[in-house]
Amino acid sequence: QLQASRCAGCGIPLHSEDPKKPGFVPASSLDKEEAICQRCFRIKHYSEASSVTVDQDEFLKLLGGIASTNSLVVHIVDLFDFQGSLISGLQRFVGNNPVLLVVNKIDLLPPVTNWNRLRNWVQKQASEEGLKVVDVVLCSARRNIGFDRVVEAVNSLRQNKDVYVVGATNVGKSTLINRLISDYSDLKRELTVSRYPGTTLDAVHIPLDDGKSIIDTPGIVYSWRMSEIIPRKDLAALLPDKPLKPLTYQLNEKQTLFFGGLARFDFVEGERQSFTAYLSSGLPVHRTKLERADELYEQHRGVMLSPPSLEDLESMPAWTRHRLRIPANSKQDIFISGIGWIQTNGKTGATVDVHAPRGIKVMLRESIL
Ligand code: GDP
């Protein structure tokens, strides 16, 4: 008489009858030593599969299936790269399913931030991009801020449905899903955030206790994001870890700021005024006169003006120039994907040029702060 073996992960009795019932394990693994149930197996292996990425076309194909399901869609965006990481076409693909917008990395904003105002800003920006959301939750997966609200919102909107989690790369999707898993499962251990690319394009199904799943879709790669075109080793310098320290510059027209060697900001025309830069602290700022800027770049790119290094520069697109006109009496952000943003404070308006690698998203937006 064999004693029913138990899952080495969660202790539930194992069986191989019904894949939908907890404790299921394929018959071939039933008698293995240290056998674990399918659910534990998936959770255990989740972090290896979680960093799969796809380009936009593949992603849209994959998303196409969501419309015909009855599910909750959780869209995670990165607050630091909001316009870079928002999936603006999401609405068309998810059909009538509700979208919960989870804005991650709020730990990067200064502690004095008015969170209600920020939520309104997020709602407005999302709707300008054509995305209708049932709710907006602000959180920091890394610092464990606002996570209760994420779980609460998912719980109240889910109503026994599957949960699809969608997002661009590096928005903190795996960090967040790992937290969701540990919250929803009786396995209290935390999983490591994996950095290794997986091998399959399939979405990863993580079973929940009620028989439904969290479905993690691959991270979409958007070529307009700086984080996708810089060398991997520079990514850490670009992804901020600590609250952004606002740097205020009093500039006269015809002055230039370099952000490492990744972008350049020229104050072309306007009355003397201040600009406040919110950048990752890994990015050194150099100030110079506009008339000297070209020469400075030629002489110092890849060395003083870095990242990127001189040899990595060769594999990056050349800069293009974006001319932006900031209207008078308006508080705007000059947004440069992956680098951060520069807040304008001028009463009288200004004309600025941003030089950034070709294809990188550069735009004016209503100020986030
Ligand atoms: P994924 O590619 O969307 O799965 O993102 P990851 O979970 O791998 O996270 C990408 C990067 O963002 C990692 O360096 C994380 O440490 C970082 N990250 C994730 N969540 C947060 C957060 O709440 N705040 C900050 N500052 N960084 C975060």
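Colleague: Where is the place of Pro308?
Modeller: Pro308 is in the loop between α11 and α12. Helices here are DSSP runs of H or I with at least four residues, strands are runs of E with at least two, and both are numbered from the N terminus. This is a predicted model, in which local features need pLDDT of at least 70, side-chain atom pairs count only at pLDDT 80 or more, and totals for chains, interfaces and linings use all residues. Residues are numbered from 1 along each chain as its sequence is written.

Colleague: Is the bond joining Pro307 and Pro308 cis or trans?
Modeller: Cis, with omega about 0°. The peptide bond from Ser306 to Pro307 is cis as well, with omega near -5°. Pro307 lies in the loop between α11 and α12 too. Most peptide bonds are trans.

Colleague: What about α11, how many of its residues are buried?
Modeller: One of its 11, so the helix is hardly covered. Buried means 20 or more other C-beta atoms within 10 Å of the residue's own, exposed means 12 or fewer, and partly exposed is in between, with C-beta atoms placed from the backbone. After α11 comes Gly302, with a positive phi near 80°.

Colleague: Which non-glycines have a positive phi?
Modeller: Asn170, at about 60°, and Lys254, at about 70°, are among them. Asn170 is in the loop between β5 (162-167) and α8, and Lys254 is in the loop between β9 (247-251) and β10.

Colleague: Is Asn170 buried or exposed?
Modeller: Buried, with 24 other C-beta atoms within 10 Å. Lys254 has 13 such neighbours inside 10 Å and counts as partly exposed.

Colleague: Switching to the sheet, what is the strand order?
Modeller: β13-β10-β11-β17-β14, an open sheet of five strands with antiparallel pairing. Two strands pair if DSSP finds at least two bridges between them. β13 (285-289) and β14 (319-326) are at the edges with a single partner strand each, so one side of each has no neighbour in the sheet.

Colleague: How many bridges join β10 to β13?
Modeller: Five, with β10 covering residues 255-259 and running antiparallel to β13. Phe259 has Val285 in β13 as its bridge partner.
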